[in-house]
Amino acid sequence: MYIGVIDYGASNLFGVAEALRREGASVSMIKGRFLPSRFDLLVLPGVGSFPYAVNGLKDAKESIIEFRSNGGIIFGICLGLHLFFMSSEEGNGKGLAFLDGKVRRITGIVKVPHMGWSNTKLSQPTELWDGMHEEEWFYYAHSYFADPPPGTVKARVDYGINMAAVVVEKNVIGVQFHPEKSATAGKKLLRNLLMMVRR
Amino acid sequence: MAVAKRIIPCLDVDGGSVVKGINFKGLKGAGDPVELASRYRDQGADELVFLDITATVEARRIMFDVVKDVAKVLDIPFTVGGGIRTFEDARAILWSGADKVSINTVAVQDPSVITKLSDAYGAQCIVLAVDAKWVSNDKRGGNYQVYTHGGRVNSGLDVINWIRKGVELGAGEVLLTSIDRDGTQSGYDIELTKKVTGAVEAPVIASGGCGSPEHILDVLKAGNADAALAASIFHYGKYTPEEVKLYLKNRGLTVRA
């Protein structure tokens, strides 16, 4: 399996790439335009800030959109999930607009960033969760959260607000947590993702 | 709230080797950061901190390779701190695969570094490390002050004011070490921790003084810390992170199973 990890200039693509390699995939970093047919799966990693990422994504944007139109699966992690939306409260810039809804800042009585392990609950069946418990611990590190149409939300996490943790809209899949840093639960989820790509 | 209290073992690295915590049984390479990191991960650590205590600048380059090696195998988050003198140092650590970088002296000397790092890589990977020491003053009682350069230099800054400023500038987390308690195994400084957790909305990792699971319970409950960092109690095989977490769970705290 050939996986392209989009390098939009954020640090730590390393963790994601290594986690996928541990599952036996060939992983390369993509900067700028690329040939969509080269890859079985695209990954948008999740470290940085929305305006920076949007800017770093500029050159690859057209190819990503083409990849998605061809039916390829795109997997977004944390900020990568946020990039599936048109805009974010984190700052200016236009995202990929694959999903309806908003990216909003976490507010209320909770601490920001939401940092650490949270119990994450399946809310609608998805192959991504195959072989896992209804509730699993995942690692989060974010100050903003995605608020997509309820029908696309497959798992949720309660952090003051009941936030979307897993979003699936056809071939666009996003997670708010970091599977590559979520020990055994993360490994299972990534394995399921690769199974979905193979099917 | 559905976020677990975190237990974080801290590993001191000198010239590429872990210099404490080599008492595990059955390890092939004593002091190998990768092997120790994996061991702690298997024992239920929620996160790890690597503190680079290497004295010379040349030898410090080795740390980048250590970070790369650890990032290849470790599937829990890890922070790297110590010896970060510039924005470029911090960036290099992050690019090598660390999830977070902790900065202390450089942040005090040039607070704009916090904002630069935070803007580029996000607040969640910038940990403001603060070494705090109580300084008494005959007339006014005293206050906690910020020390830099590995605890050797008093910056004169008030701990609470500095942490408020650091978080405002973009730090996503605070690693708060009590110099008074560090190495004593007599318990965390609860008063200090309480003051800091009450002053900022960012998560606070308490450090310095841990000698038992009771101390950890105390700082997480009474001190309201989000995470507890400890070295000795784990390194010398007294407890595993898993055992500590079970202890906390039995006393009503939320921990990752």
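**Figure 1. Contact between chain A and chain B in the predicted model.** In this view, 31 residues of chain B are in contact with 35 residues of chain A. On the chain B side, the elements that give two or more residues are α3, α4 (87-95) and α6 (112-121) of chain B. The greatest share comes from α6(B), with three residues. Sorted by class, the side of chain B that touches chain A comprises 16 nonpolar, four polar and 11 charged residues.

**Figure 2. The open sheet of chain A.** Nine strands of chain A form an open sheet in the order β2-β1-β3-β4-β11-β10-β9-β6-β7, and their pairing is mixed. Strands β2 (26-30) and β7 (135-142) of chain A are the edge strands, each pairing on one side only. From one strand to the next, the twist averages 30°. Helix α3 (residues 61-69) of chain A packs on the sheet, where it touches β3 (41-44), β4 (73-77) and β11 of chain A. The direction of helix α3 of chain A makes about 125° with that of β4(A).

**Figure 3. Pairing of strands β10 and β11 in chain A.** Strands of a sheet pair through backbone hydrogen bonds, either parallel or antiparallel. Here, strand β10 (residues 161-169) and strand β11 (residues 172-175) of chain A run antiparallel and are joined by four bridges. Within this pairing, A:Val168 has A:Ile173 in β11(A) as its bridge partner.

Figure 4. Helix α1 of chain A spans residues 14-22, and its buried residues are A:Phe14, A:Gly15, A:Val16, A:Ala17, A:Ala19 and A:Leu20. Just after α1(A), the residue A:Gly24 adopts a positive phi of about 90°.

Figure 5. In helix α1 (residues 33-42) of chain B, the buried residues are B:Pro33, B:Leu36, B:Ala37, B:Tyr40 and B:Arg41. Seen down the axis of α1(B), these buried residues fall within an arc of 140°, so they line one face of the helix. Just after α1(B), a positive phi of about 95° is found at B:Gly44.

Note on methods: Residues are numbered from 1 along each chain as its sequence is written. Chains are lettered from A and ligands numbered from 1 in the order in which they are written. This is a predicted model: local features need pLDDT of at least 70, side-chain atom pairs count only at pLDDT 80 or more; totals for chains, interfaces and linings use all residues. Two strands pair if DSSP finds at least two bridges between them. Axes are lines fitted to C-alpha atoms, for helices over the stretch in contact, and angles run from 0 to 180 degrees between N-to-C directions. Two residues are in contact if their C-beta atoms, placed from the backbone, lie within 7 Å. A residue is buried if 20 or more other C-beta atoms lie within 10 Å of its own, exposed if 12 or fewer, and partly exposed in between; C-beta atoms are placed from the backbone. Ala, Val, Leu, Ile, Met, Phe, Trp, Tyr, Cys and Pro count as nonpolar, Asp, Glu, Lys and Arg as charged, and the others, Gly among them, as polar. The arc is that of the directions from the helix axis to the C-beta atoms.
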